[in-house]
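Reader: Can you walk me through the helix packing and the cavities here? Keep it brisk.
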Amino acid sequence: MHTTAWLFSLPGAIMFAAPARIIFSFSSMEPLLLATNSPAAAANNSRQGRHRGDFIRPMAMSNSLLRNDFDLQEGLTDVQKILHQRQKNAREMMITIDNLKRLCIDHYFKEEIESVMSSTCMDLIHSDDLFDATLAFRLLREAGHDVSANDVSQRFTKDDSCEFKLPLSKDIRGLLSLHDMSHLNIGGEALLYKAKEFSSKHLASAIRYLEPSLAEYVRQSLDHPYHLSLMQYKARHHLTYLQSLPIRDTAVEKLAVTEFQLNKLMHQKEIQEIKRWWMDLGLVQEIPIVRDQVLKWYMWSMTTLQGYSFSRYRVEITKIIALIYVVDDIFDLVGTLEELSHFTEAVKVWNTAAADSLPSYMRSCYKALYTITNEIADMAKQEHGLNPVNHLRKAVPTAEDYLRNGVVTSGLPLTLVHIFIMLGCDQSTETLIDHMPSVISCPAKILRLWDDMGSAKDEAQEGIDGSYRDFYLMENPRCGPSDAEAHMRSLIAREWEELNRECLCRRTFSSNFTHACLNITRMISVMYSYNKEHRLLVLEDFARMLLHENTCAKPDLFHSLLVDTNVDIKSCKLDS
C-alpha cells in the first residue's frame with residue numbers, strides 16, 4: 001500500500017453522501033428508516049439511539065438474519081442496572097468500565113461512563129494498590145484527561161527514581177495493568193519506559209507458573225498490547241478469559257456475544273456488496289497483474305471505522321483502498337517513470353480524452369478511477385454542495401516525489417482524508433492536505449517502516465521500492481539486518497508516542513477521527529507481520545472470527561480467502 005498521493009487530485013474523491021440508516025429497537029422489532037442528510041445528523045441520531053438501548057443498523061441487514069436468543073434491549077437494561085449498583089464501589093465500577101471498553105460495548109453507555117470517570121478514577125489514581133492506580137491512569141488518559149505518570153510513580157518506585165519496587169513483580173494483575181498503561185507514552189515519560197521494561201520482564205517469567213487460562217491471557221497481552229492492538233480482535237480473547245473466571249458478569253458477557261454476532265452479520269453483508277462491485281468492475285481481467293483481495297482490503301476499513309452507523313462509509317472506503325492497491329501494483333511491477341508522469345498528468349487534466357496517451361493497461365485503470373470518482377463527486381455535490389477539486393490538485397506529487405517520499409506516496413493519508421471528510425470534521429480540508437498533521441503523518445510513517453522491514457515480500461511481488469532498511473544499512477555498514485530492524489522499531493515507537501500525544505492530549509480533531517487514526521495504525525502491524533511462510537497469521541485468525549462461528553475452522557481456508565477473491569465467502573461461514 002505504498003502509492004498514490006496523486007489520488008488526492010481525483011475530483012471530489014473524498015466526498016461521500018451520508019448513508020440512510022435504520023434505527024432498530026429489539027423491543028419493538030419495528031425498523032424505522034431515517035434519511036440522514038449529514039454526518040452530523042447521523043451522529044446525533046446515533047447518540048439518541050444508543051442512549052435508549054437502540055442501535056444503528058445498515059439498511060441491507062435483514063431482520064431474518066438476527067437469530068439471537070438474547071434480547072439486546074434486555075441486555076442493555078441489565079448492564080445499566082449493574083453500572084447503577086456499582087456506583088458506590090469505585091474499584092468494581094472501574095473494572096466494569098474497563099471490561100465494557102475491552103469488549104467494545106462501551107459505546108452504549110457513554111453517558112454513564114463519563115458521569116463517573118472523573119470522580120472515580122481521579123480518586124483511585126492515588127491509590128496504594130498498583131492495579132487500581134494504573135488502571136485509573138489508563139482510563140483517564142484514554143478519555144483525554146490531563147494526568148501525569150508521576151502521579152502513579154511515587155508510591156511504586158524506589159525513592160524518586162523510576163525503578164519499580166521488586167515485591168511488585170509478584171502482583172500479576174497489577175503488572176498486566178502496568179503493562180497496558182506503559183503503551184500510552186506521549187513522549188519522554190521515563191516512568192512509562194521503565195514500566196514497560198519491568199512489567200514485560202516479570203510477566204514473561206511468570207507465565208510458566210500460572211494456571212492455563214491466565215497464562216494464555218498474559219501471553220496475549222505481551223504479544224498484542226491492548227493499546228497497540230485491534231480492539232475487536234482483543235475483545236474476543238478478553239471474553240474468553242472472562243468466561244474462565246469463577247465469578248462472572250453474565251449480563252456483560254451476553255451483551256458482548258450479541259454485539260459480536262450482529263457485527264459479524266453486518267460485515268458479511270458489506271463484504272458481499274464490495275465483492276460484487278469489484279467483480280463488476282472487471283479490472284482484474286483487464287490488468288491480470290493486480291492483486292485480487294477483497295477481504296484483505298475490506299479489513300482495513302472494517303477495523304478503522306467501527307460501528308453500525310459507518311456501514312456505508314466502510315464500503316466506500318474499501319473501494320478507495322482497492323484502487324490504491326491497483327495503482328500500487330501497476331507502478332511497482334510494470335509502470336515506468338515516464339508512464340507514471342503521464343498518468344499523474346492525466347489525473348490533473350481529468351477527462352476521458354486524457355487517457356488516450358496512456359498504455360492500454362493504464363487506460364483501463366484510469367477510466368475506472370474516472371467513472372467511480374465522478375459518481376462519488378456527484379453524490380458529494382448533491383449532498384454537501386462542495387467540490388474539493390481546486391484544493392486537491394495542489395497535492396499531486398511529481399513522479400520523482402513518488403519514488404522519493406514514502407509518507408506522501410503512501411495510500412494511508414489518502415484513506416484518512418476520505419474518512420476526515422465523511423465524518424464531517426470542521427477543519428479545512430485544504431489545510432489538512434497542505435500541512436499534514438501528525439495524526440495522519442504518524443500512521444503513514446509507521447506503515448512505511450513496517451512495510452520496509454520486509455520480513456517477507458508482500459504477496460511475493462518483485463517490484464523494487466526504496467527501502468529505509470536498505471538505506472540505513474548503506475549508511476551504517478557496521479550494522480546488520482537485526483540492528484536495522486531494532487532501529488526501525490524504535491522509530492515506530494517514537495511515532496506512536498507522537499500519535500498518542502495528538503490523539504490523547506492535544507485532541508485537535510474530533511474523537512471519531514482520532515479513533516479512526518488510532519485504529520488504522522493498529523491494523524498496520526497485522527497487515528505486515530508475515531511469518532516465514534509469507535502468511536499473516538493474526539489477520540487470518542481475525543478473519544476466522546469475523547466470518548465463522550467455529551473459530552477452529554481450517555486456517556488454510558482463510559489464508560486462501562485473504563489472497564484470492566474467487567474463494568466463496570459463503571463457504572466460510574455458518575450463517576448464509
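**Helix packing and cavities**

Author: H13 passes H14 in a right-handed crossing (the near helix is turned clockwise from the far one by less than a right angle). This is a predicted model, where local features need pLDDT of at least 70, side-chain atom pairs count only at pLDDT 80 or more, and totals for chains, interfaces and linings use all residues. Residues are numbered from 1 along each chain as its sequence is written, and side-chain values use heavy atoms, leaving out hydrogens and water.

Reader: At what angle do H13 and H14 pack, and how far apart are their axes?

Author: About 135 degrees, with the axes of H13 (residues 294–304) and H14 (residues 311–334) 8 Å apart. That makes H13 oblique to H14.

Reader: Which residues make the contact?

Author: H13 brings Trp 297, Tyr 298, Trp 300, Ser 301 and Met 302. H14 brings Arg 314, Ile 317, Thr 318, Ile 321, Ala 322 and Tyr 325. Contact means heavy atoms within 4.5 Å.

Reader: And by class?

Author: The contact of H13 with H14 has 8 nonpolar, 2 polar and 1 charged residues.

Reader: Switching topic. How many cavities of 30 Å³ or more?

Author: The structure holds 4. The largest cavity has a volume of about 90 Å³. On a 1 Å grid, a cavity is a set of points where a 1.4 Å probe fits but cannot get out, and lining residues have an atom within 4 Å of a point.

Reader: What lines the largest cavity?

Author: Arg 102, Asp 180, Tyr 217, Gln 220, Ser 221, Tyr 226, Lys 234, His 237 and His 238. They divide into 2 nonpolar, 4 polar and 3 charged.

Reader: Which helices each supply at least two of the lining residues?

Author: H9 (212–223) and H10 (231–243).

Notes
Axes are lines fitted to C-alpha atoms, for helices over the stretch in contact, and angles run from 0 to 180 degrees between N-to-C directions. Helices (H or I, at least four residues) and strands (E, at least two) are DSSP runs, numbered from the N terminus. Angles under 35 degrees count as roughly parallel, over 145 as roughly antiparallel, 65 to 115 as roughly perpendicular and the rest as oblique. Ala, Val, Leu, Ile, Met, Phe, Trp, Tyr, Cys and Pro count as nonpolar, Asp, Glu, Lys and Arg as charged, and the others, Gly among them, as polar. On a 1 Å grid over the protein atoms alone, a cavity is a set of points where a 1.4 Å probe fits but cannot get out, and a pocket is an open set with protein on both sides within 12 Å along at least five of seven lines; lining residues have an atom within 4 Å of a point. Grid points are joined across faces, edges and corners, and a volume is the space filled by probe spheres set on the points.
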